[in-house]
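Please open the model in your viewer and keep the selection tool at hand.

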Amino acid sequence: MTGPTSTAAPVPVPSTGGAQWRAPFAERPVDATVTVPGSKSLTNRYLVLAALADGPSRLRAPLHSRDSALMIEALRQLGATITEVPGDGAFGPDLEISPISLDAPAAGTGIDCGLAGTVMRFVPPVAALRHGTTLFDGDPHARKRPMGTIIEALAGLGVGVTAPDGGPAAALPFTVHGTGEVRGGHLIIDASASSQFVSALLLAGARFTDGLHLEHTGPPVPSLDHINMTVAVLRGAGVSVDDSRPDHWIVAPGSIRAFDHRIEQDLSNAGPFLAAALATRGTVRIPDWPAETTQVGDLWRSILTTMGATVTLQDGILTVTGGPEIRGADFDETSELAPTVAALCALATGPSRLGGIAHLRGHETDRLAALVAEINRLGGDAEETSDGLIIRPAALHGGVVHSYADHRMATAGAILGLAVPGVEVEDIGTTAKTMPDFPQMWSAMLEQGSAGDRTGSAGASTDSPAAGKDNTHGAQH
Ligand SMILES: O=C(O)C1=C[C@@H](OP(=O)(O)O)[C@@H](O)[C@H](O)C1
Ligand SMILES: C=C(OP(=O)(O)O)C(=O)O
């Protein structure tokens, strides 16, 4: 697959039926201060731990989005009590969580995983720890996401997992037959399709009778930062985890200490706003950037510097100012940041290579195919490789960017629309997966103070819709 001229989509484009959104074109460099809602990965890890903890916990400033709502509902189905209480977070109430009584007899239940990897991977081991059957299902695309490893892992731990008709299961939907106990011990898995398989088993591992010695064999595990986050969160709750040997994680059996914890803002979701500084040669500031974090989004500081921005972190404020051009770059392992990086690469003045992201084919959609299709649809020059993307400079034009029910495809379309007039994003509502107010936040960013005239930025022209208008109109499919 080569060539800059392809406009045909190599993958079927699902119309998800949501509102089509005229992406605001930035007439001027942005000059904005932005805060984003809480981290999806931290919120959903802490929710699971709270549901398995030794007493009531509190989460301050958690994420409120589709993925966190699905997690909350899943844990309620398994017997946790989760209540919204007033807090000081800018994006919604705090949460109080009373844990699941694993000893109590429980009726069979069903859990909707939506398209949330954290729900479909993290919750089955929790269901295995309680009594009763739990049916897991999700969105149509969720049935295509890799699940075999977690199903085989549970089977390896002696937990019955079947298809709803009682036959063998390899993907959603499936039923977990919990007996109120998981023995644990040494377990070998292949986690090369998703780090979430490792995180899922570690999060529940302390509650297994013998704890867990998890070993990975196979091609490298992706998104190691997310596993390190899991280990840090567990240790913070008093769980002993030994990760001193590569591809081995040993969780000691024991209780999980209840906690009162404030969730950091989602640094991955800060990405599209920071990218706006590069796409418009403006400045975006994010206050409360953590001095130390386990979030992969902290990589924005190096990624955006490499791409030509000036990045400073002072007094907790991350400030990103776009340079005269966006530089093409060569990155390994950008994980969930990749769609945002790819959008910037499509606006860059030199070629880029993104490697180490083959597993993105199993994300919300096949992100490699989707990014190639949508960048090329706008006149770009993107190509899939065995483990990533090559994106070369090309003059982009307007058109419809399809979302494929993927929040990060939708925000990638918004970034392109800042620099390219006439970009529309199909189903902007899919951003509710992790950022329900994304369209309003994006407009608000553009409505903040401007920093002079915009000249010479990638793909710029001035005949586009002004930023900050009401950009949403009905789907046109
Ligand atoms: O554990 C987590 O919170 C996540 C792990 C990663 O999954 P993969 O390892 O499947 O990439 C990441 O991409 C996803 O957005 C969130
Ligand atoms: C891959 C992602 O999500 P999930 O947690 O559903 O895997 C993502 O948010 O980029």
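Domain bounds here come from an automatic or database domain assignment. This is a predicted model, in which local features need pLDDT of at least 70 and side-chain atom pairs count only at pLDDT 80 or more, while totals for chains, interfaces and linings use all residues. Residues are numbered from 1 along each chain as its sequence is written, and chains are lettered from A and ligands numbered from 1 in the order in which they are written.

Begin by colouring the two parts into which the chain is divided, domain 1 (20-36 + 265-473) and domain 2 (40-262); their centres, taken over C-alpha atoms, are 31 Å apart. Next, select the contacts between them (C-beta atoms, placed from the backbone, within 7 Å), where 16 residues of domain 1 meet 20 residues of domain 2.

Now select ligand 1 and the residues near it (C-beta atom, placed from the backbone, within 6 Å): there are 13, and Ser-41, Ser-194, Ser-195, Ser-223 and Glu-336 are the closest. Domain 1 and domain 2 each supply at least three residues to this shell.

Note on methods:
Two residues are in contact if their C-beta atoms, placed from the backbone, lie within 7 Å.
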